[in-house]
Structures are given as C-alpha cells and as structure tokens.
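Keep the viewer open, try each task yourself, and then read the solution.

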Amino acid sequence: MNFLLLVLSIIIYASYGLSNFIYIGFSLLSTFIVARYLNKENKNRKLVLAGTIVLNTAILVFVKFLPYTNINILAPLGISYYTLQVISYLVDVYKGKYEYEKNLLNYALFIMYIPHLFIGPISRYEDMKKELLAKRKITLDNILNGGIRILWGLSKKLIIAGRTGIVIETITSNNSSGGYALLAMFLYSIELYSDFSGGIDIVLGISRMLGINLVENFDAPYYSQNIKEFWRRWHISLSSWLRDYIYIPLGGSRCSKLRKSINVIITFAVSGLWHGANYIVWGIIHGIFVIFGDSYKTKFKWLNRLVNFVIVSFLWSFFIWNGTTEALKMMLSVFTNFNIQEVTQNILNLGLTGADWIVLAVSTLILFIYDGNKIKIMEKTKNISKNTKLALICTFALIVLTFGIYGIGFNVNEFIYSRF
Amino acid sequence: MWKVSSIKNILKTILILIIFIIIFILLNMLLKPKYATTLVEGSMIAEYYDEPKDHEVIFIGDCEVYANFSPMVMYEEEGIKAYVRGSSQQLIWQSYYILKETLTYEIPKVVVLNVNSMRYDKESSQVSEAYNRLTIDNMKWSKEKIEIIKESMTEDETLISYIFPILRYHSRYDELTSEDFEYLFKDKKNTYNGFLVNKNVKPLGNLPIKRNLANYEFSEECYGYLDKITNLCKENNIKLVLIKAPSLYPYWYDEYDEQMEEYAKQKGIDYYNLVEEIENIGLDYSQDTYDGGLHLNLQGATKLSEYFAKILVENYNLTNFHGDAVYDEKLENYKKDIQD
C-alpha cells in the first residue's frame, strides 16, 4: 500500500510540473544519503550536517525571495513544508534520537506523501514512520471518520472562507481604508483560520481514510489569551518545529532574560521568513508580543481573548495588503479614518447579500462554539454509530453543496497557505 | 444467519442514503431556475416533450424562429401542424442536436432551419454560458443532451454542473421565490407550439451603422454542422428548407446570402431569404416589431406565418389537418389568449 501511495503521490506531484522534481529530488536524496554519515564515528558529521542544512535552506530562502527578483520560476510545490521535514530528520538523526532510514521508498513517502505537501502539517519522521510502517487497514470506520473530517474542512473552506474572501477582495481592490480595513482584518482572521484549518482537516481526513493519523495543526487558536498561547494553538506543527530546531538550539529560555528575548525575536523572524521575505516584520512584531505577552493579560478571560484576537487581526494586515508600508498604512487608517457608519451603510455593497452575511455569521459562530467545546463534543460523540456518522456526512455534504462558495469564478483548489 | 440488529442497521443505512438522495434531487430541482415567468426563453425547449408528436413541419433556430413564426396561424391558414424548436441564440451545432433529438420523437416532412447562426462559430463572442443554459438546461436527458453539452460548453463550464444543477445554481439559495416552489414539479407553458407571443410595439428606430466586416466567410466548423443537418434530413427522408428570417438587425450581408444561395444550390435544398421578401410579406416595421426591427411582434409574426404557410403548402406536399380536434382547441386557446 505504501508503494501505491508513493506512486500516486509522485503522479500527482508530477502534474504540478516535472521541474519540481529537481528541487524535491535534491532534498530527498541529499538528506537520505547524508543521514548515513551522521553516526558518531564520523568526525566530520557536524560539518556534513551543517552543509546539508545550509544547502537545503539556501534553496528555500532563494525560492522565498523569488517574487522580488526578475527570475521567472514558480516555487516548487510543498518546498516550505518538506524542507523543514528533512532538516528535522537530519538533526534528529544527528542527535541520535532515532536511526537513519535505510529504505529509500519509506523515506521518499515521508517526504512526498502528497496530502501534506500542499499545506502541511509539517510531519516529524518518527511520527510518520510509526504511521506509515504500521500495519493498517482501510476500515469503514476510518472512511466514515475521515469523511466527516473532510466535509467539516470543506464547510470551513467553502462556506466561511469563501464568503470572507469575497469581502476582503472587494475592500482591497477598492483600496478602502479605515473601518473597511478593520473589517478586512477581522474577516481575514476568520478566513485564514477557516481556509488553513479547513485544508488541514481535509488532509487529516484523507489520511484518516487511509489509516494514517497525522498530527493536529490547530487547537482553537482564537481562544488564546495572549500571543504566546496563540502560537501554541496556531499552526502547531510549524511552531513546534521552530521551538525544537531554532529556539531551543539558540539557548531557549535557559539563559538571561535579554538572551531569551533575542532568541524569541530570531525564532519569530525565521517564522516570518518561512512565510516569505515580506513577512519578517510581521514575525518580529509577533515575537515582541510574545516577550511582553503576560504584561497585558488581565484577569478577565474573554477580554484577553478579545484583545488577542484584535492584535492578531491587526497583524494579519501584512498578509492582506502588499508590502509592509501598505500594511502599516492600513493599520494606521483604522485610527485616523474610522468611518464605521459608512461601512455599516455599505455592508451589502461588499460582495455579499444579506443572506450571505447571515450564513457567514451563523457558520462562524458554529465554528467558534465547536472550537471552544471540542473536547466535550469529541468525548460525547466518540461512540456514535456508523449510521449516525453516515447521516452526518450526508448532512454536511448537502450543506456544503448548497451554501458553499464554488463554481465559475472561484478557485476552490487554492488554499491561502499553499502560497507559503 | 444474519442477526436482527445487523438487518436493522443495513435498513437504517439504506434509509439514510435514500433520504440523502431524495433531498439532493429536490435541492437540484429547487435551485435550478424555473424560467416560468422571467427568462421564459429557458423553458421553451422543454415544452415540446408534452406535445403530441405528429408535426409535419419543425422549425429549428434561434430567436428569429420562436419570435417570428406562429404555428397556430399556419394551422388556421393552411391546416399545417408545425412546431418551433427554437431557443435564444441557438447556435448551429445546437440546432443539429436539437434536430437529432426531435427525430427520436417524430419524423416530420419538412425541417425549416433559420441560418442566422451560420455567422457564429465556437470562437464567437456570442457563445456564452447564459445562452447555453437557456437552450440546454431543460432538455430531457438523452445521448443528444450529453453531446450538445459537450459541444457547447465554454471553458469554465463542466458537464457535471449540467447533470447536477446545484453545482451551478447553489448561489440561488437566497434568490428563491414562490415561483421556484410553485414550479418545482411542473412547468409553465409559455409558448404556442414553440411560438413566444410578444404584443408590444417598438417601431424601427436608428439601427447601428452597417459596417464592413473583415471576413464574411462562414467557418468550416459551421458548414460542418450544416452538412450534418443536411445529411440527417436526407437520411430520414425529410425536406430541409433553409430560411433567413426577416430581421433587420443583425445585418444579413449580401455575402452571407450568396454563400447560402451557393450552398443550397450545391445540395439541392430550398433557401428563402425572407429579408428580401419584407414588402411581399407586408411587414411594416413601424408597427410589426417589438424591439425596433430585430424581432417581429404578434402582428408581424402573424403576417410572416401566413406568408410562409403558403410557401410550405405550395411546395412541400403537406396535409391539411383542418378539423383536428386537438389543434382546433389549441387554436381556440391561442386566439383567446392573444386577445387578453
């Protein structure tokens, strides 16, 4: 089955352009071969490790800066994700956390497993190996559970992100500022979360159907009370990768306060760079909020959550508008041109009908209620029958088909995070 | 032996799937535009299916046939049983498949094809999803429907969205009106044997300037479909009659006319350029058109139908069906309705 999965992954990957194979092939083979020479007997192993990491990182950085050059090359699919995977693999083998992989096919599948190449999650080798090499069966229960997860993801992506995307597109294309910019920031928070976590749900759902359990990437991020907590709940596989392979090697928190702060800033700058050269400032500001995260925390849980949501939303400006200056200008405009009355009067001229706004509000509310009560809901529903699961799938399918934003003029295959 | 609980579970599964399929079908029906009172052009193709299939003349073509030819007038005048299978911006390949489909129901003596669509090939800006939908959406499922979809689809369209209209029309969830529920299981009849009545009068005004075209030649593609129509009629022993309806705009250039003349001569087909017969028909564009010369109104269509009915009986050996109970009743209803 793994062989089939690999073949299927290669075929799908190839459909995005054969030239992509040069990049992924290099990463795959270089790290597969180098890992064999990282045993303790090898005196030059540190140099070999550093060299391979530098080479792979250089390719990633080069790709990240491509949009700012005249070089007309498309970034290879999944490079942001598999580069981090191969680095973590090499470092772990170097540290002796586990043995290097002897089977090229197993290793290739770890890198090329197609569902997670689009938007992650960034899997660790020890987790993936456990899942891929385990004797697994495609069971009806897995198919139903996976199906529910896929449709839940599609609901988020098509019903919520689809609608918010229309409004944001209208606001940005009209170059509207002030209250409109604020609305775009809040809606982008919802859009990015629905789009990204929806995509991850689909990846996890497909994997579940195949009997593979990938790591969760979100844990109700907008319930965080400060930015530090936010990063424990948002894009978890990236945050934990940065913690384990950047922050801790830099010294982590077992050092002076100043050094710790510098480590945090560097880690978040890397996080920004991972998203693209344009997002380094965004990353650094997040780092600053992490350092001072506890100072603005009050004893009121909901107030903290609200403040955190506002901060995160403002900072998404770097993702909404092109360029740091434009993003800062828009953030400033919220305070200088707070035309909220005009926004409310024009709410139906932003691409959504009244019914669309209601669907958006209700579905977002359901998403947030689910997020806040996920553990309870999971506990209560863990023993539901197969028929109930089937009924859930049918209901979700009908809801998505009716209320989803898709069809002519909409590219539902594209996820925001597949750009990074 | 199966346990009772297993059988119960299987039955439950089947029940869930049946409920899902029923709701899915209902949603598809509900969200698809009904074309009952607005954009009625979308309903015309389907009206044919409920008709008695004993027509001797079938008209095929675009708005220039469904707005200009009244089968009821032809029956009243000459006892002709005719039906207009016209639809908005019906393109030549669509005419071919509509004819092919019609022939699965009946074999008429005469097929009258309006050749206006010869000027539009698949690259033309006149090819659009909106018009495709008006012609295709309400066709019954058949081999011809699949073929017409495949031939007509624009780049953005998909076959599956024709099979499951919810995929195209789901955004109508907030546009649903009482009409969508009223005509969920039934269709509204808007035409009289395919003729769409319009009693408004908008006299001929200033038509756009008649510009010279860079190329007047009909494309190979369009000729290909015209050949297919010609062959289809020949195979079924049907007399094909080509016409150009008497619309003043879009202009039917002399170069177009010459090409059709030549084609008809080559194939041994009759071709009537009715634009040249305006005076003989007695059309007065100060009162016989509802949109300034593009289409005829009821009065103009009546004149044209009387004129053309004579051509048909004189040349194509048609039966005089006067006294047919069904058609007498149809005619009575038609007369009553147009007076209202």
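**Exercise 1. Find where A:Pro249 is placed in chain A, and decide whether A:Pro249 is buried or exposed.**

Solution. 
- Start with the location: A:Pro249 belongs to the loop that runs between helix H11 (236-247) and helix H12 (257-275) of chain A.
- Keep in mind that you are looking at a predicted model.
- Finally, look across to A:Asn263: it is 14 residues apart from A:Pro249 along the chain, and their C-alpha atoms are separated by 9.4 Å.

**Exercise 2. Check the span of helix H4 (residues 79-94) of chain A against what 1.5 Å a residue predicts.**

Solution. 
- H4 of chain A has 16 residues.
- The rule uses one less than the number of residues, multiplied by 1.5 Å.
- Now ask how covered H4(A) is: 14 of its 16 residues are buried, so to speak mostly covered.
- Just after H4(A) comes A:Gly96, with a positive phi of about 80°.

**Exercise 3. Describe the overall build of chain A, and explain why its radius of gyration fits a compact globule.**

Solution. 
- Begin with secondary structure: chain A has 20 helices and zero strands.
- Then take the extent: the C-alpha trace of chain A spans about 70 × 55 × 50 Å along its principal axes.
- For 420 residues, a compact globule would have a radius of gyration near 22 Å, and chain A agrees because its own value is 22 Å.
- Of these 420 residues, 40% count as buried.
- Look at the contacts between residues at least 6 apart in sequence: in chain A, 75% of them join residues at least 24 apart.

**Exercise 4. Work out how chain A is divided into domains, and which helix gives the most to the side of domain 1 that touches domain 2.**

Solution. 
- Chain A is split into domain 1 (2-133) and domain 2 (141-225 + 297-419).
- The centres of domain 1 and domain 2 of chain A, taken over C-alpha atoms, are 30 Å apart.
- Where the two touch, domain 1 of chain A contributes 10 residues and domain 2 of chain A contributes 14 residues.
- On the domain 1 side, helix H6 (115-119) and helix H7 (125-133) of chain A each supply at least two residues.
- H6(A) gives the most to this side, with four residues.
- By class, the domain 1 side holds five nonpolar, three polar and two charged residues.

**Exercise 5. Describe the side of chain B that touches chain A, and find how many residues H1(B) gives to it.**

Solution. 
- In this contact, 15 residues of chain B meet 14 residues of chain A.
- Helix H1 (4-31) and helix H9 (166-169) of chain B are the elements that give two or more residues to the chain B side.
- H1(B) gives the most, with eight residues.
- Sorted by class, the chain B side has eight nonpolar, three polar and four charged residues.
- For the complex, the predictor gives an ipTM of 0.87 and a pTM of 0.88.

**Exercise 6. Describe the build of chain B, and then find which residues are in contact with B:Leu248, leaving aside its neighbours within four places in sequence.**

Solution. 
- Chain B contains 15 helices and five strands.
- Its radius of gyration is 22 Å, close to the 20 Å that the globule rule gives for 340 residues, so chain B is as compact as a globular protein of that length.
- The C-alpha trace of chain B spans about 80 × 50 × 40 Å along its principal axes.
- Of the 340 residues of chain B, 39% count as buried.
- The mean pLDDT of chain B is 95, and 99% of its residues reach 70 or more.
- Now zoom in: B:Leu248 is in the loop between strand E4 (239-244) and helix H12 (254-267) of chain B.
- B:Leu248 is partly exposed, because it has 17 other C-beta atoms within 10 Å.
- With those neighbours set aside, B:Leu248 is in contact with B:Leu204, B:Leu207, B:Tyr285 and B:Gly293.
- B:Leu294 is 46 residues apart from B:Leu248 in sequence, yet the two are 5.8 Å apart in space, C-alpha to C-alpha.

Definitions and conventions: Residues numbered from 1 in each chain as written. Chains lettered and ligands numbered in written order. Predicted model: local features only at pLDDT ≥ 70, side-chain atom pairs only at ≥ 80, totals over all residues. Rg over C-alpha atoms; globule rule 2.2 N^0.38 Å. Buried ≥ 20, exposed ≤ 12 C-beta atoms within 10 Å, placed from the backbone. Contact = placed C-beta atoms within 7 Å. Domains from an automatic or database assignment. Nonpolar A, V, L, I, M, F, W, Y, C, P; charged D, E, K, R; others polar. pLDDT = per-residue confidence, 0-100.
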